[in-house]
Amino acid sequence: MTTTPQEPETLRVLSGIQPSGGLHLGNYFGMMKPMIKAQEESLLFCFIVNYHALTTVRSGKDLRQGTLEVAMDFLALGLDPEKSIFWVQSDVPEVVELSWILSCVTSMGLLERCTSYKDKVARGIVPNHGLFAYPVLMAADILLYQAHVIPVGKDQKQHVEVTRDIAERFNSQYGDTFVLPEPRIDPDVALIPGLDGQKMSKSYDNTLEIFSEENVLRKKIMRVVTDSKAVEEPKDPENDTLFKLYSLFASSEEIRDLGKRYRAGGLAYATVKDMVFEKINHHFKPYREKRHALNGERAKVERILADGAEKARYIANKTLRKVRRKTGLQYQKA
Ligand code: ADP
Ligand code: TRP
């Protein structure tokens with residue numbers, strides 16, 4: 001792994017998530033689960049990117065509520081604030097300063113090539129400057145904490161590459177300053193399919209939420225799109241969304257068995273829907289209970305986030321002081 005200049009002693013793993021709607025299985029497997037695992041073996045930086053959400057969320061109430069809800073979701077799933085640094089992006093506003101500084105070494109062309117921006121515009125989101133500059137703020141998020149590894153789903157890979165480009169540009173202009181980060185994408189869960197078989201995403205109304213109630217979950221699973229093969233016909237597990245969802249929760253033996261039943265014929269998709277429901281429901285039930293309990297502990301959650309922000313801010317300021325010195329923004333004699 002390429003790192004500059006002095007490698008911090010512990011591997012730093014960092015990722016963020018927007019507080020804009022109920023978290024779904026794509027978020028869980030693509031980002032949250034690898035993050036929670038990473039807290040055991042590295043220094044984990046996990047934060048709620050509310051400045052990013054401001055590019056699309058227009059209601060103060062929704063943003064406020066969404067922020068607390070994602071925090072509670074993460075804590076319920078096992079994020080341990082004793083083992084990690086967990087905070088809300090806007091509680092460390094230094095990131096906005098770094099974002100501006102990085103903007104000044106970022107070419108327009110680099111941002112114009114970002115597919116996530118183009119997709120959002122194609123979906124009808126009216127672009128504002130924040131949406132266009134989104135990857136620069138994300139680069140600032142990553143570089144401010146000198147993170148090495150960024151666990152994300154496949155859709156965010158390009159943004160991590162853009163971050164590397166920006167860091168390289170800055171380093172070559174001002175001398176080695178930033179660590180060059182790498183995305184961490186587990187190929188098995190890089191792209192979790194939604195109810196319609198496309199990428200699961202809150203923008204496509206095809207999600208299965210981690211914390212939905214049993215009856216809602218069951219109803220949604222009944223909506224998973226399959227081909228129209230009759231019960232007795234042999235079926236193709238590889239191209240079936242239900243099979244893919246089942247495989248996320250099943251043992252390799254269970255996956256093999258179900259694959260055989262698909263190919264043999266005589267298996268109804270309705271039966272697989274029940275199996276998928278049982279798996280998902282069973283997996284998240286304990287987390288759901290913890291999540292309910294957290295609803296009554298808002299003050300405690302706010303305290304956890306404030307403590308996390310304090311730790312993050314200390315590290316952020318170390319980097320920012322260096323950047324201010326190198327760029328000449330710090331004009332006084334040190
Ligand atoms: P959404 O597409 O629902 O708006 P976000 O863009 O907020 O989701 O994604 C938050 C995190 O979850 C990112 O790291 C992203 O890569 C990951 N992620 C989102 N959807 C999926 C998916 N379907 N499969 C794998 N990872 C995903
Ligand atoms: N862009 C990411 C998403 O939409 C969220 C994000 C913001 C992020 N800053 C980050 C992810 C820094 C990883 C690292 O999902």
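One cavity of 30 Å³ or more turns up in a search of the whole structure. A cavity here is a set of points, on a 1 Å grid over the protein atoms alone, where a 1.4 Å probe fits but cannot get out. This is a predicted model: local features need pLDDT of at least 70, side-chain atom pairs count only at pLDDT 80 or more, and totals for chains, interfaces and linings use all residues. Residues are numbered from 1 along each chain as its sequence is written, chains are lettered from A and ligands numbered from 1 in the order in which they are written, and side-chain values use heavy atoms, with hydrogens and water left out.

**Cavity and pocket**

The largest cavity holds about 40 Å³ of space. Its lining consists of C114, S116, Y117, K120, L131, Y134, P135 and H159. Helices α6 and α7 are the elements that give two or more residues to this lining. Lining residues have an atom within 4 Å of a point. A volume is the space filled by probe spheres set on the points, which are joined across faces, edges and corners.

The largest pocket holds about 1,200 Å³. Its lining has 43 residues, and Q18, D155, Q156, K199 and K202 are the closest to its centre. Elements giving two or more residues to the pocket lining are β1 (12-17), α1 (25-38), α6 (115-122) and α7 (129-144). A pocket is an open set of points with protein on both sides within 12 Å along at least five of seven lines. Helices (H or I, at least four residues) and strands (E, at least two) are DSSP runs numbered from the N terminus.

The table gives both linings by class.

| Lining | Nonpolar | Polar | Charged |
|---|---|---|---|
| Largest cavity | five residues | two residues | one residue |

Ala, Val, Leu, Ile, Met, Phe, Trp, Tyr, Cys and Pro count as nonpolar, Asp, Glu, Lys and Arg as charged, and the others, Gly among them, as polar.

**Y134**

Y134 is one of the residues lining the largest cavity. It sits in helix α7. Its relative accessible area is 8%, so Y134 is buried. Buried means under 20% relative accessible area, exposed over 50%, and partly exposed in between (1.4 Å probe, protein chains only). Beyond its neighbours within four places in sequence, Y134 is in contact with Q18, H52, T55, K120 and H159. Contact means heavy atoms within 4.5 Å.

**Domains and cores**

The protein is divided into domain 1 (12-191 + 297-327) and domain 2 (211-292). These bounds come from an automatic or database domain assignment. The C-alpha centres of the two domains lie 32 Å apart. Their contact takes nine residues from domain 1 and ten from domain 2.

The largest nonpolar core has 56 residues. L25, F74, F86, L208 and I280 have the most contacts inside it. Helix α1 supplies the largest share, eight residues. Domain 1 and domain 2 each give this core at least three residues. A nonpolar core is a set of buried Ala, Val, Leu, Ile, Met, Phe, Trp, Tyr and Cys residues joined through side-chain atoms within 4.5 Å. Not counting residues up to four places away in sequence, I280 touches L25, L208, L217, I221 and F249. A second, separate core has 43 residues, including V95, L144, I150 and V162.

**Helix α10**

Helix α10 (residues 241-249) is mostly covered, with seven of its nine residues buried. The buried residues are T241, L242, F243, L245, Y246, L248 and F249. Their cover includes α1, α11 (252-264) and α12 (269-294).

**Loop residues**

Most residues other than glycine have a negative phi. Q146 has a positive phi, near 50 degrees. Q146 lies in the loop between α7 and β4 (149-151). At 9% relative accessibility, Q146 counts as buried. D205 is also not a glycine, and its phi is positive at about 50 degrees. The loop between β5 and α9 holds D205. With a relative accessible area of 57%, D205 is exposed.

G197 is placed in the loop between β5 (182-184) and α9 (214-222). Its relative accessible area is 33%, so G197 is partly exposed. G197 and K244 are 47 residues apart along the chain, and their C-alpha atoms are separated by 9.6 Å.
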